[in-house]
Amino acid sequence: MAQFAFSLVSPERELFSGDVDAVVVPGTEGTFEVRAGHAPLMATLSPGLLEVHQGGEVTRTYVRGGFADVGTSGLTVLAEKAINESDLQGDTLTSERDEAQATVDAEGEEPEKVLNARRALDSLAKY
Amino acid sequence: MPSLKDLKNRIVSVKSTQKITKAMQMVAAAKLRRAEDAARAGRPYAERIETVLANLAAGMTPGAPGPKLLTGTGEDKTHLLVVATSERGLCGGFNSSIVRLARETIVRMQSEGKTVKIMTVGKKGYEQLKRLYADLIIEHTTFENVKTVGFDQASAISEKLLEMYEDGAFDKAHIFFGEYQSVISQVPTALQIIPAQPPEVEGDEKIAAPYEYEPGEEEILETLLPRYVAVQVFRALLENAASEQGARMSAMDNATRNAGDMIDKLNLQYNRARQAQITTELVEIIAGAESV
């Protein structure tokens, strides 16, 4: 399968950079999959799991807030927060969950934010 | 003429000072490495978000009413200066040089008839600016209880900035920080953060295939711009952290060297005094023996 360049960066560090087969991105308007030769696209992210397919292996990363930028040179995901699946436990998991729960419970919060928080809770539910 | 005992005491005290400065230098060197790594790790994100923003801005129809964060308020009256300095002293002229640059800018802007407001980040700059411009300081943030500055702190600052900008508290914002160049050189720098100034796109990159936007272009720009501001603040804070440690390292290196020089000098004095004492004693003994 044709591969393309993918990089996942958060403000604090670069989490992944290399050639991959496919990436499943949780976009605000729906999840989409990017493969080699994808048309240029810019999308905002909704909280959820980003799946990286690389040689039959799948790595999942929880991302929250940011953008996916598909260009001619490949895919760049700029995530405000990115946590590897293996680190998604203990305090990190609890604090993420609490934050999302607080947004859902808060009154008078913007509907978009509440929707995003619900999505975050959904994707965190299995951990 | 200090006595032998006085000299000995002074040598001991200078030696212990030297030990402290040496230790501080070593701590700063270790922290510098970490700060440099953090600055390097943050670079890809900053670069990418810059390209994305530049692409978007280039795609916008010129002259069309864009978001306020990109086009500005259309006025140039009130300026907000964000002065980022360190929490601790003993780092040479690091803080003073940033404050000096800020002060020069304030004087210049005031002479041009502009209103200046100050927001300080870090204790040292606040203390220095408070003396002169206490009435201009509208916000003050410290990281006293924060060990390493993360993106959360930067975005908290930028949120405050954006809120004030929305309320029309200022037209333009600049951030002052020490740009890290090397251990011996940190350049105080002023950077305009609001309205955002995306870098110009190079000619051949411009003709890249047209983007599809999900959701619309405006929504993306609206979420992207605040983040861009946060990233700029974050970058400034990271640079500042590295600069602070670099400045401290070279300041403490100097102090250690000066202490070494002082010890040499004092040792010489001590030895001379001791020699003089021995000579006097000998003279006294010989004189005594002769008189018998």
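Predicted model: local features only at pLDDT ≥ 70, side-chain atom pairs only at ≥ 80, totals over all residues.
In which crossing, left-handed or right-handed, does helix 5 of chain B pass helix 7 of chain B? Residues are numbered from 1 along each chain as its sequence is written, while chains are lettered from A and ligands numbered from 1 in the order in which they are written.

**View 1. Helix 5 and helix 7 of chain B.** Helix 5 (residues 151–166) and helix 7 (residues 217–291) of chain B cross at roughly 125°, and their axes come within 8 Å. Helices (H or I, at least four residues) and strands (E, at least two) are DSSP runs, numbered from the N terminus; axes are lines fitted to C-alpha atoms, for helices over the stretch in contact, and angles run from 0 to 180 degrees between N-to-C directions. Helix 5 of chain B passes helix 7 of chain B in a right-handed crossing (left-handed if the near helix is turned anticlockwise from the far one by less than a right angle, right-handed if clockwise). Contributors from helix 5 of chain B include B:Phe151, B:Ile157 and B:Leu161, and those from helix 7 of chain B include B:Pro226, B:Val233 and B:Phe234; residues are in contact if their C-beta atoms, placed from the backbone, lie within 7 Å. The residues of this contact comprise 11 nonpolar, two polar and no charged (Ala, Val, Leu, Ile, Met, Phe, Trp, Tyr, Cys and Pro count as nonpolar, Asp, Glu, Lys and Arg as charged, and the others, Gly among them, as polar).

**View 2. The side of chain B that touches chain A.** Contact between the chains involves 22 residues of chain B and 21 residues of chain A. On chain B, helix 1 (4–59), strand 6 (212–214) and helix 7 each supply at least two residues. Helix 1 of chain B provides the largest share, seven residues. By class, this side of chain B has 16 nonpolar, three polar and three charged residues.

**View 3. Strand pairing between the chains.** Strand 5 (residues 41–44) of chain A and strand 6 of chain B run parallel and are joined by three bridges; strands pair if DSSP finds at least two bridges between them. Opposite A:Ala43 stands B:Glu214, in strand 6 of chain B.

**View 4. Helix 1 and helix 2 of chain A.** Helix 1 (residues 90–105) and helix 2 (residues 111–124) of chain A pack at an angle of about 145°, with their axes 8 Å apart. Helix 1 of chain A passes helix 2 of chain A in a left-handed crossing. Among the residues making the contact are A:Leu93, A:Glu96 and A:Arg97 of helix 1 of chain A, and A:Lys113, A:Val114 and A:Leu124 of helix 2 of chain A. The contact residues divide into eight nonpolar, two polar and four charged.

Conventions. Contact = placed C-beta atoms within 7 Å.
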